[in-house]
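Visitor: I'd like to go through this model with you. Could you put it up?
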Amino acid sequence: MVGWPISTIFYYKRLSKTSQPTTTATIAEDDNRLGRWVVCSAWPYVNDRPHLGTFTHLLSADVYARYLRLKGEDVVMVSGSDEHGAPIEVEAIRRKITPRQLTNQYHRVFTRSIKQFNIQFDNYTRTESPVHKKFVQEFYRTLDKNGYVFKQNIILPYCENDKRFLPDRFVEGECPYCHYIPARGDQCDNCGRVLDPKDLINPYCVLDHSTPIMKESASWFFDLPKLSDQLKKYVEENPNLPENARRRSMLRRTRTFRRMLGNSA
Ligand SMILES: [Zn+2]
Ligand SMILES: [Zn+2]
């Protein structure tokens, strides 16, 4: 099991809450201290019952949100069940139910467990909620409209029996590095390496164990390199980030520059 990302915290400086003048030193100090916080944690996949690892990041977010609330900060803590992705589709096909039936079942289990762990979410939602869908669609359309999405054909395994392309978890085989079987199309659980489905030795479809063929498929990509300059500037000049995080980014740039110059020092 891959480790869950740690909780993410967004901080917004509080917009003036009251119409009180902020000319005195005391109020100015309070204004600096009090902020609006959004504490997030990774959205757990609801393809199975939760295990303790799932709760590690939810609990760490809860601890931090409680600390901020005790300090009198304005906090919203959010997360939700991730109902989209190959693991859910594979599990639903295996059980001969729809992905929605599967996620309905496990979303209930997750919300019950969150209550039992006494984790205080302001909003624990799900990716199938109309609000979430609308937001994601608008977000994607804005990116597309502004030229940050490009289309490219890539080679993917295709199962002729199931008449479908086989993304990551739909294909298994032998790991090209440590030769473990079964390695998944996205990762080898034995050596931990991230894999591409087409790198697997003797790949097979997880649904019917037949050998897939390789076929070209159109895919859409987010053009991250287009934003690299803005992202570097954001990281290096952001006073809210710790010094080591900013230095790390600068260090990488220096190393890349040295490599470009052919200097291995
Ligand atoms: Zn391996
Ligand atoms: Zn198949």
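Visitor: Which residues in H2 are buried?
Guide: This is a predicted model, where local features need pLDDT of at least 70, side-chain atom pairs count only at pLDDT 80 or more, and totals for chains, interfaces and linings use all residues. Residues are numbered from 1 along each chain as its sequence is written, with chains lettered from A and ligands numbered from 1 in the order in which they are written. Buried is 20 or more other C-beta atoms within 10 Å of a residue's own, the C-beta atoms being placed from the backbone. In H2 that gives Thr54, His57, Leu58, Ala61, Asp62 and Ala65.

Visitor: What do the buried residues of H2 pack against?
Guide: Contact is C-beta atoms, placed from the backbone, within 7 Å. Helices (H or I, at least four residues) and strands (E, at least two) are DSSP runs, numbered from the N terminus. The partners of H2's buried residues are strand S2 (35-40), strand S3 (74-81) and helix H4 (99-116).

Visitor: At what angle do H3 and H4 cross?
Guide: Axes are lines fitted to C-alpha atoms, for helices over the stretch in contact, with angles from 0 to 180 degrees between N-to-C directions. The axes of H3 (residues 86-95) and H4 come within 8 Å. Ile88, Glu89, Glu91, Ala92 and Arg95 in H3 meet Pro99, Leu102 and Thr103 in H4. The crossing angle is roughly 105°.

Visitor: Where in the protein chain is confidence lowest?
Guide: pLDDT is the predictor's confidence in each residue, from 0 to 100. The chain mean is 83, and H4 is highest at 96. At a mean of 49, the lowest is helix H1 (residues 25-33).

Terms used:
A residue is buried if 20 or more other C-beta atoms lie within 10 Å of its own, exposed if 12 or fewer, and partly exposed in between; C-beta atoms are placed from the backbone. Two residues are in contact if their C-beta atoms, placed from the backbone, lie within 7 Å.
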